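Thanks for coming, everyone. Please take a look at the structure on the screen, and then I'll walk you through it.

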Amino acid sequence: MKQWIVCCLLLVIGATVRCQTKTDSLLMELNKVISEAARYDEAKVQAIQQLKQSAGKIPATDLPARFNLYLQLYDEYKIFRYDSAYNYARKLQQTADLLGDPLRSDLARMKLGFILTSSGMFKEAYDSLQPIRLDHFPDSLKAEYYSLMARYYYDLADYDNDQYHTPAYIKKGTEYIDLALQLFPPSSFAFNYYSGLKHIRNGRREEAGRYFQLLMQNPSLTHHELALTASTLSDNYIQFGETDTAIHLLTQAAIADIKSSTKETAAIFNLSSLLFKQGDLKSASTYIEKALNDAFSYGARQRKIQVSAILPLIEAEKMNRVENEKRTLITYAAIVTLLLGVLVALIIIIFRQLRKLKIAQQIITEANSRQQEINNKLSEANKFKDEYIGYFFNGNSEFYAKMEKFKKNLEVKVNDRKLEEIRLLANTINIKKEKEELLSNFDRIFLKLFPHFIEEFNALFAPENKIQLKENELLNTDLRIFALIRMGIHDSEKIARILEYSVNTINTYKTRIKNKSLIPNEEFEHRIMEIKSL
C-alpha cells in the first residue's frame with residue numbers, strides 16, 4: 001500500500017515538473033515572439049497595402065466590387081486597429097446606401113457592431129445592431145449575428161460585473177448562442193467554440209472542457225482560432241484553481257495573437273495578472289507592457305481600463321522589492337563594516353602588544369648580560385613575562401570567543417530580521433565615511449546612467465556660470481542636488497536628508513542655480529528631467 005502511494009506521488013510530481021518545464025519553454029518562446037512582433041505587424045501592414053493598391057483598379061461605378069474590397073480591408077483591420085476598421089465599416093455602410101441594398105446595409109451594421117463591441121462602446125454597438133433585419137440574411141450571416149449578440153451580452157456582463165445586471169446579461173447571451181448553434185455546422189470551429197463558451201458562462205466547466213480540448217487537438221486551427229480557444233479554455237482552469245495549466249494555455253494564446261497581429265486580445269493581460277500573483281514580477285511587467293501597447297494600438301477602451309488597474313500594482317511591487325533588497329544590502333554592509341573595524345582594531349592591539357613584548361625581551365636580555373648579580377630579579381622578570389604573555393593570549397582567546405559569539409548573535413538577528421537591534425549595533429559605524437562612500441558610489445553610478453548629464457546641465461548656463469569640477473571630483477553639491485531630482489527625488493526634504501543639509505540650504509542652492517540659468521526658473525527642473533540616460 002505504501003509503495004503504491006509513493007508511486008502515485010512520484011507520478012504527480014513528475015507530471016508537475018514536466019508541465020512546469022513546458023510552460024517555461026513556452027514563456028521563452030513568447031519572449032522571442034514579442035521581440036519579433038514588429039515583423040508580424042509589418043507583414044499585416046503589407047497585406048493591407050496590397051489590398052489598398054487594388055482599390056485604384058476598381059472603377060468608381062463598380063460599387064459591388066468596391067463593397068467587397070472594403071469588406072476585405074475591414075476583416076484585416078477588425079482585430080488589428082479599431083479606428084481603421086471603424087472607417088471601413090462606415091465605408092461599407094455608405095457604399096450599401098448608394099447601392100440601395102438592404103442586405104449589404106445590414107451586413108455593414110453588423111460589422112460596425114463587432115468593432116464597437118470589441119472597443120467597449122456598448123451603447124453604440126447596440127444602436128448599430130438593433131435595427132438589423134434578419135429575414136433577408138442567409139443562415140451563415142444569421143449565425144454570425146447571433147454569436148455577435150451573444151458576445152455583446154457576455155462582454156456587457158463582464159463590464160458590469162455585479163449581482164444585479166450580470167446574470168440577466170449572461171442569460172440573454174446564452175439565448176443568442178442557442179440560436180447560433182442551430183445554424184452552425186456541427187463539426188465546425190464555431191459550433192464547438194460557442195458550445196464550450198456557453199457551458200463556461202453557465203458554470204458547466206467539465207462540459208465546456210470537452211469542446212475546447214477537442215478544438216485544441218485540431219492541428220488545422222488558424223493562429224486566431226487557436227488564440228481564442230486557448231484563452232477561453234484557460235478561464236476554465238482558473239475557475240478550478242489550476243493556475244499552472246491556465247498560464248500554459250494563456251502563453252499559447254498570447255503567442256498565437258502576436259503571430260496573427262491581433263491587438264484586440266485579453267490573453268497576454270490575463271497571463272500577466274496570473275504571473276503577478278505568482279510573484280514573477282519580471283515577466284508580469286514585460287507582458288503587461290505588451291498588453292498596454294496592444295490596447296492603445298487597437299483603441300480598446302475596456303482593455304485600457306483593465307491594464308491601467310493592474311500596471312501600478314506591478315510597478316509598486318517592483319519598487320518594494322528593490323527597496324527591500326536595498327535595505328538588506330545596507331544592513332549586511334553595515335555589519336561587515338563593523339566586523340572589519342573590530343578585526344582591524346584587534347590586529348593593531350596584537351601588533352602593539354607584540355612590539356612591547358619584543359622590547360621587554362630586549363631589555364631583559366641586555367640586563368642579563370650586564371648584571372649577572374641580579375639573576376633573581378631577572379628570574380622574577382621572566383616569570384612576569386611568561387604570566388603576562390599567558391594573560392595576553394588568554395584574554396585574546398576570550399575576546400575571539402566573544403567576537404565569535406557576537407558574530408553568531410548578529411547572524412541570528414539578521415535571520416530573525418530584528419532590524420532595530422541591528423541598527424543599534426550599526427550606530428558604532430563611521431557613518432560619515434559610509435555616507436561619503438555612498439555619495440561617491442551614487443556619483444559614479446549616476447554618471448554611468450547619465451554620461452552626458454554634466455555637459456547638458458552646463459548647456460543651460462552662460463560660459464561664466466558653467467560648473468567647473470575639482471580634480472578627482474565626479475559631482476559637486478550643485479550637480480548632486482539636480483542629479484537626485486533627475487532620479488525622481490523632487491522633495492527638498494528628502495534631498496536634504498540624503499545630502500545632510502537643511503531644507504532651507506537645499507532651497508537656497510536650487511534658487512541660486514536657477515537664477516543663473518538661461519531659461520525661466522519654472523522650466524529649469526523640467527529641462528533637467530529631459531536629460532536622457534543611456
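One term before we start: when I say two residues meet or are in contact, I mean that they have heavy atoms within 4.5 Å. And a reminder that this is a predicted model.

With that in hand, go to helix α21, residues 492-499, and helix α22, residues 503-516. Which residues of α21 meet α22? They are Ser 492, Glu 493, Ile 495, Ala 496 and Leu 499. On the α22 side, the partners are Val 503, Ile 506, Asn 507 and Lys 510. Sort that contact by class and you get 5 nonpolar, 2 polar and 2 charged residues. Now the geometry. The two axes come within 8 Å and cross at roughly 105 degrees. Angles of 65 to 115 degrees count as roughly perpendicular. That makes α21 roughly perpendicular to α22.

Let me step back to the whole protein. How many helices and strands does the protein have? There are 23 helices and 0 strands. The protein has 534 residues, and 40% of them are buried. Next, contacts between residues at least 6 apart in sequence. Of these, 62% join residues at least 24 apart.

Back to helix pairs. Look at α20, residues 477-486, and α23, residues 521-529. Their axes are 9 Å apart, and the packing angle is about 70 degrees. So α20 and α23 are also roughly perpendicular to each other. The crossing of α20 past α23 is right-handed. Which residues touch? From α20, we have Phe 482, Ile 485 and Arg 486. From α23, we have Phe 524, Glu 525, Ile 528 and Met 529. This contact of α20 with α23 holds 5 nonpolar residues, no polar ones and 2 charged ones.

Stay on α20 for a moment, because Arg 480 sits in that helix and its relative accessibility is 13%, which counts as buried. What does Arg 480 contact, apart from neighbours within four places in sequence? The list is Leu 439, Phe 442, Asp 443, Leu 475 and Leu 499.

α12 passes α13 in a left-handed crossing. From α12, the contact uses Thr 243, Ala 246, Ile 247, Leu 250, Thr 251, Ala 253, Ala 254 and Asp 257. From α13, it uses Ala 267, Ile 268, Asn 270, Leu 271, Leu 274 and Leu 275. By class, that is 10 nonpolar, 3 polar and 1 charged.

Pick out Thr 243 in α12. Is Thr 243 buried, exposed or partly exposed? Its relative accessible area is 28%, so Thr 243 is partly exposed. Setting aside neighbours within four places in sequence, Thr 243 contacts Leu 274 and Gln 278. Thr 243 and Leu 274 are 31 residues apart in sequence, with 7.4 Å between their C-alpha atoms.

Two more single residues. Arg 205 is in helix α10, residues 205-216. At 25% relative accessibility, Arg 205 is partly exposed. Beyond neighbours within four places in sequence, its contacts are His 199, Asn 236, Gln 239 and Phe 240. Tyr 237 is 32 residues from Arg 205 along the chain, and their C-alpha atoms are 8.7 Å apart.

The other one is Glu 411, in helix α16, residues 375-415. Glu 411 is partly exposed too, at 41% relative accessible area. Between Glu 411 and Tyr 332 there are 9.8 Å from C-alpha to C-alpha, and the two are 79 residues apart along the chain.

Last topic: aromatic rings. How many aromatic pairs does the whole structure have? The search finds 27. Take Phe 189 and Tyr 193: the ring centres are 5.7 Å apart and the planes are at 15 degrees, so the pair is stacked. Both residues lie in helix α9, 4 residues apart, about one turn of the helix. Tyr 193 is at 9% relative accessibility, so it counts as buried. There is also an aromatic cluster, made of Phe 122, Tyr 126, Tyr 145, Tyr 146, Tyr 152, Tyr 153, Tyr 159, Tyr 169 and Tyr 176.

That's my tour. Questions, please.

Methods. Residues are numbered from 1 along each chain as its sequence is written. This is a predicted model: local features need pLDDT of at least 70, side-chain atom pairs count only at pLDDT 80 or more; totals for chains, interfaces and linings use all residues. Side-chain values use heavy atoms; hydrogens and water are left out. Axes are lines fitted to C-alpha atoms, for helices over the stretch in contact, and angles run from 0 to 180 degrees between N-to-C directions. Helices (H or I, at least four residues) and strands (E, at least two) are DSSP runs, numbered from the N terminus. Angles under 35 degrees count as roughly parallel, over 145 as roughly antiparallel, 65 to 115 as roughly perpendicular and the rest as oblique. A crossing is left-handed if the near helix is turned anticlockwise from the far one by less than a right angle, and right-handed if clockwise. Ala, Val, Leu, Ile, Met, Phe, Trp, Tyr, Cys and Pro count as nonpolar, Asp, Glu, Lys and Arg as charged, and the others, Gly among them, as polar. Rings of Phe, Tyr and Trp (its six-membered ring) pair if their centres lie within 6.5 Å; planes under 30 degrees apart count as stacked, over 60 as edge-to-face and the rest as tilted. Buried means under 20% relative accessible area, exposed over 50%, partly exposed in between (1.4 Å probe, protein chains only).
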